[in-house]
Amino acid sequence: MIVRAETDEQIQATCAVMRQLRPHLDPANYLATVRALMASDGYRLAALVEDGAVRAVAGYRFLTMLYCGRILSVDDLVADERVRSRGYGSRLLNWLKDEARAAGCAELQLISRVTREGAHRFYFREGLGIECFHFRMAL
């Protein structure tokens, strides 16, 4: 079952899996950090839950861009490393695609670090493609 993690309990339940992707996150501040993102940036969390355990998590938001219109932007997408390759990531990504369509989005987009080759194989298999470069610099 895929749920929108909206209650404090649901959000906190995603922490351990999210930290597999974002290990720098402090579990003691996780709930407050997510709540702040929700309030300021429209951040949303979805969790795939099976047998009472979170198996995959996605953090996302809706944006409107001049070049492509309304999009669903995926900030975070991670399946629990203990149960990878069992279809959880694919199910959650398909749910995100449905959310995007229902919200009138023209595209679903995500950014993935160049070092995450396993994730890239998954994204290609799921029909995503590389379309641009993402440039950044520390300030």
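A: Here is a walk through the charged pairs.

This is a predicted model, so local features need pLDDT of at least 70 and side-chain atom pairs count only at pLDDT 80 or more, while totals for chains, interfaces and linings use all residues. Residues are numbered from 1 along each chain as its sequence is written, and side-chain values use heavy atoms, with hydrogens and water left out.

The whole structure has 8 salt bridges (a side-chain nitrogen of Lys or Arg within 4 Å of a carboxyl oxygen of Asp or Glu). One of them joins Asp8 to Arg35, with the closest N and O atoms 2.8 Å apart. That pair ties helix H1 (residues 8-13) to helix H3 (residues 30-41), 27 residues apart; helices are DSSP runs of H or I, at least four residues, and strands are runs of E, at least two, numbered from the N terminus. Asp8 is partly exposed at 41% (buried is under 20% relative accessible area, exposed over 50%, partly exposed in between, with a 1.4 Å probe and protein chains only).

Next up, Arg61 bridges to Asp41 at 3.4 Å between the closest N and O atoms, linking strand S3 with helix H3 across 20 residues. Arg61 counts as buried at 13% relative accessibility, whereas Asp41 is partly exposed at 40%. Asp41, Arg61 and Asp75 are linked in a network of salt bridges.

Then there's Arg55, also in strand S3 (residues 53-65): buried, yet without a salt bridge, its nearest side chain of opposite charge being Asp51, 4.2 Å away (Lys and Arg count as positive, Asp and Glu as negative; His and the chain ends are not counted).
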